[in-house]
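Thanks for coming. I will take you through one model today, and I will keep it short.

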Amino acid sequence: MQRRKPDPREDSTSTVPYNLRMTHKHLVSTLTLLLLAMVATGAELDKPKVKKFLSKPLVIEDQGSFFIGGVPKVTDYATVPPPGQTAAPNQITIGQMYVQFEIPAKKKAKAPPVIMVHGSSHTAACLESTPDGREGWYPYFVRKGISTYLVDQAGRGRSGFDESVIHEAAALIAKGDVKDGLAMVPAFGRISDNGAWTNWFGHLVPDGSTILTGTLIRHGDPGDPPSDDALHTDDYRPAYPLAAVDANIAARNGAISKSPAGPNAYYALEYYKQLVPNSEVTLPGSTCSTCDPTAIAPANTWTPLALADLVEKLGGAVVATHSQSGIMGHHMVRILKERGHLDLVKGLITIEGSCSLPNSGLKPEDFDNIPYLALKGDYTATSTVCQATVDAINARRAAGHGTAKAEYIKLDELGNPVFKGTTHMMMLGTNNLEVADVILNWADQNIPAKNPKKN
């Protein structure tokens with residue numbers, strides 16, 4: 001006889017009815033799942049919230065980096081030989097320039113690419129994001145559909161520098177040729193932390209004091225000296241993330257040597273970490289027969305050359321320079337003119353940098369077909385050189401020559417409160433994207449769309 005399969009509802013060992021037993025099991029399972037979910041949620045809450053740098057997702061088609069330019073150099077001083085060994089010749093590459101880029105997935109129709117160049121004591125980092133973790137000009141321009149290229153000046157940052165001149169100088173001094181050895185030692189310039197403060201954000205008071213005896217004061221704060229009242233009024237402060245401070249540096253943890261008088265927070269800005277030596281001084285200079293003066297410094301030799309190479313590689317581009325690199329952009333235009341490729345310069349933008357045409361061997365007619373923008377913020381006097389260059393270009397327009405727009409935009413004269421307190425480092429300011437919009441809008445109105453047949 002076939003045995004009947006036991007029915008769980010007939011469990012004689014349990015005094016609890018079947019339906020209640022099942023409800024109990026379901027309740028235990030539900031509570032277990034709920035407890036696990038609570039634990040997982042608690043773990044998520046315990047995680048530090050990651051701040052997003054981008055204002056919203058950024059969709060790109062491509063990104064990467066490469067080097068452009070440079071020359072080989074054979075030297076006995078690429079390295080320092082161990083004691084008792086003789087230096088041997090080696091080849092190194094110098095003068096190359098690091099380039100990084102992002103190409104948007106949705107491109108602005110027929111818009112030429114933009115090359116951005118940083119200034120003294122900086123690298124391309126100042127164009128990537130802000131010290132307080134916000135979107136920088138680099139992703140913002142890409143978001144607007146512009147293929148954007150950043151560079152580290154030749155001899156600076158990721159572009160490297162020529163260490164062999166330092167080793168050679170040390171070797172000469174060690175051999176007793178102190179005079180020639182010292183003459184070879186490059187003079188590295190750089191912007192110090194307090195130098196950045198007094199250049200962009202405020203003052204060191206009282207006059208004549210040092211960082212050990214005086215204190216830093218912010219523009220617009222009580223006691224702000226009147227020495228620059230002609231440039232701005234005292235009813236606003238720098239449009240800059242001065243609250244982005246490293247607490248460990250403010251506390252002087254691990255500090256070397258003496259402590260400045262303070263305030264400590266003003267010596268601990270996250271921004272200061274971007275500042276690097278101007279190591280391009282290790283590169284050789286050059287001469288330019290059409291320039292005044294004819295002797296060209298290393299900084300204005302190698303970066304302009306590499307920029308010209310990059311513009312040619314891209315088949316044309318707009319070049320936007322800042323501060324020290326302003327004149328480099330002009331030298332780049334000269335080099336492209338000498339190569340017969342002036343038409344590849346789709347626009348030149350100079351942000352608080354030099355606009356000298358004689359210094360770079362150029363003439364106003366060279367910009368008949370190149371849109372030209374000079375831009376300045378607050379706390380900075382109007383550049384007579386930039387104004388003279390714009391006036392000279394516009395004089396040709398008045399005489400019926402050329403068609404490209406030339407303009408000097410002074411943000412502090414636009415009457416828009418958002419530009420009050422715009423510092424020299426405007427790409428990092430609290431109003432950085434509003435400043436970017438000024439540049440982008442000007443480009444939309446004045447830089448012709450590229451010809452697909454040529455580019």
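This is a predicted model: local features need pLDDT of at least 70, side-chain atom pairs count only at pLDDT 80 or more; totals for chains, interfaces and linings use all residues.

Residues are numbered from 1 along each chain as its sequence is written, and side-chain values use heavy atoms, with hydrogens and water left out.

First, the sheet. Helices (H or I, at least four residues) and strands (E, at least two) are DSSP runs, numbered from the N terminus. Strands of a sheet pair through backbone hydrogen bonds, either parallel or antiparallel. Two strands count as paired here if DSSP finds at least two bridges between them. In this model, eight strands form an open sheet in the order β1-β4-β6-β5-β11-β12-β13-β14, and the pairing is mixed. At the edges are β1 (60-68) and β14 (406-410), each of which pairs on one side only. On average, neighbouring strands of this sheet are turned by 15 degrees against each other, direction ignored. Angles run from 0 to 180 degrees between N-to-C directions, and axes are lines fitted to C-alpha atoms, for helices over the stretch in contact.

Within the sheet, β5 and β11 run parallel and are joined by four bridges. Ile115 has Val319 of β11 as its bridge partner.

Helix α7 (residues 299-314) touches β1, β4 (97-104), β5, β6 and β11, and its direction makes about 140 degrees with that of β1. Helix α9 (residues 384-398) touches β13 (372-376) and β14, with about 145 degrees between its direction and that of β14.

On a 1 Å grid over the protein atoms alone, a cavity is a set of points where a 1.4 Å probe fits but cannot get out; a pocket is an open set with protein on both sides within 12 Å along at least five of seven lines; lining residues have an atom within 4 Å of a point. Grid points are joined across faces, edges and corners, and a volume is the space filled by probe spheres set on the points.

How many cavities of 30 Å³ or more does a search of the whole structure find? It finds one. The largest cavity has a volume of about 100 Å³. Its lining has 14 residues, and Met116, Leu127, Trp137, Ala320 and Ile351 lie nearest the centre. β11 gives the largest share of that lining, three residues.

As for classes, Ala, Val, Leu, Ile, Met, Phe, Trp, Tyr, Cys and Pro count as nonpolar, Asp, Glu, Lys and Arg as charged, and the others, Gly among them, as polar. The lining of the largest cavity has eleven nonpolar, three polar and no charged residues.

The second largest pocket has a volume of about 260 Å³. Its lining has 14 nonpolar, one polar and four charged residues, and helix α10 (residues 432-446) gives the largest share, five residues.

Last, two loop residues. Arg156 sits in the loop between β6 (148-152) and α3 (164-174). Arg156 counts as buried because its relative accessibility is 0%, where buried means under 20% relative accessible area, exposed over 50% and partly exposed in between (1.4 Å probe, protein chains only). Leaving aside neighbours within four places in sequence, the contacts of Arg156 include His118, Asn278 and Gln324.

Leu362 is in the loop between β12 and β13, and is buried at 6%.

How values were computed
Contact means heavy atoms within 4.5 Å.
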